[in-house]
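Have the sequence and the 3D view open as you read.

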Amino acid sequence: MKKSFYRSVVIAILICSLIFGFLAFYSTGVVDRAQTRELLDIRINQVGDILDDNIYEYKNITEQIYSNYKSRSRVMAMMLSKNKSIMTDDTSFEELRMAIGADVISITDSSGFIKYSTNPSSENNKAYEDFFPAIENKVFSEAVLNTQDERTSVITGCSRLDAPGIIQIEFTPDNAETLLDLTDVSRTLTEIPVLENGHMAIIDTESKKYLSHTNSGLIGTESLFTEDDFKDDNGWFSSEFEGQEVLVKYAIHDDKIIIGMVSYNEIYKRRNTVVKWLMFVIPVTSAVITLTIRDKILKTANKDNKI
């Protein structure tokens with residue numbers, strides 16, 4: 001009778017423990033996965049906002065720069081039309097360059113070849129083809145941004161007023177470094193963490209190479225993702241990264257794919273910790289309850305025997 005009773009108690013406790021353990025395992029896992037999904041959504045939206053803000057700020061700055069330097073070029077054209085001797089006087093030409101804050105001033109003939117320049121090595125070269133309409137159009141004024149060898153410069157072109165030709169001027173804008181930062185996608189993810197070991201990345205839609213990655217060593221390398229992984233504008237899928245199975249969230253943003261990924265081991269880290277503790281606490285608690293009940297029964301039996 002007693003053995004049957006103990007067995008019933010132990011079985012009941014074990015069944016309750018298993019049910020409780022399963023519910024804890026399932027519910028904690030669901031919550032952790034949902035929280036990770038929400039975090040990845042937030043991070044991807046954050047990256048998209050940063051890219052949009054950078055484009056907007058870049059356009060505003062370049063418009064201001066173009067307006068400023070095109071104005072200087074037109075003033076220069078008027079000055080040269082009234083005093084053509086400046087072009088042939090090296091000292092005056094250099095002083096004028098310094099006065100307007102230019103790096104190089106070049107003036108072409110009617111064929112677009114540079115005839116006068118503060119940089120002698122530029123002479124006999126052709127001006128930018130974008131500026132060739134200035135030869136015929138006396139009100140032409142344009143500017144282009146040139147980024148080469150991590151150096152950003154603004155090159156303006158306007159019409160000569162004294163004769164057919166182009167006045168081409170190169171400037172280094174004060175906020176050139178800001179422009180480089182705004183166009184450098186590789187720096188976008190430097191301060192956007194995802195949990196402890198998660199990753200964010202920006203992938204080029206054509207080449208599938210990493211344009212930016214929280215692991216900077218992967219920038220410029222080809223990702224292992226394929227076209228089939230990004231069938232919709234946004235979505236979820238499971239993949240493998242650095243030898244671990246990961247949950248991947250992605251969103252296509254213009255010509256880029258923004259992704260966030262977290263390994264399942266990290267997603268369920270809290271759940272696994274809870275389950276480990278339960279596997280320790282439940283048997284111990286069951287044993288304590290069973291022994292307590294057993295002790296009460298034995299004490300009651302001893303009292304009955306004495307009576």
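## A sheet and a cavity

Valine 246 sits opposite serine 263, a residue of strand 10. What you see is a predicted model, where local features need pLDDT of at least 70 and side-chain atom pairs count only at pLDDT 80 or more, while totals for chains, interfaces and linings use all residues. Numbering starts from 1 along each chain as its sequence is written, and side-chain values use heavy atoms, with hydrogens and water left out.

Strands here are DSSP runs (E, at least two residues), numbered from the N terminus, and two of them pair if DSSP finds at least two bridges between them. Strands 9 and 10 are joined in the antiparallel sense by 8 bridges. They belong to an open, antiparallel sheet of 5 strands, ordered 7-6-10-9-8. Strand 7 and strand 8 are the edges, each pairing on one side only.

Here's where some of these strands run:

| Strand | Residues |
|---|---|
| Strand 7 | 210-213 |
| Strand 8 | 234-241 |
| Strand 9 | 244-253 |
| Strand 10 | 256-263 |

How many cavities of 30 Å³ or more does a search of the whole structure find? There is 1. A cavity is a set of points on a 1 Å grid over the protein atoms alone where a 1.4 Å probe fits but cannot get out, and lining residues have an atom within 4 Å of a point. The lining of the largest cavity is made of Tyr210, Leu224, Phe225, Ser239, Glu240 and Phe241. Strand 8 gives the most to this lining, with 3 residues.

Conventions: 1 Å grid on protein atoms, 1.4 Å probe; cavity = no way out; pocket = protein on both sides within 12 Å on 5 of 7 lines; lining within 4 Å. Points joined across faces, edges and corners; volume = space filled by probe spheres on them. Helix = DSSP H or I, 4+ residues; strand = E, 2+ residues; numbered from the N terminus.
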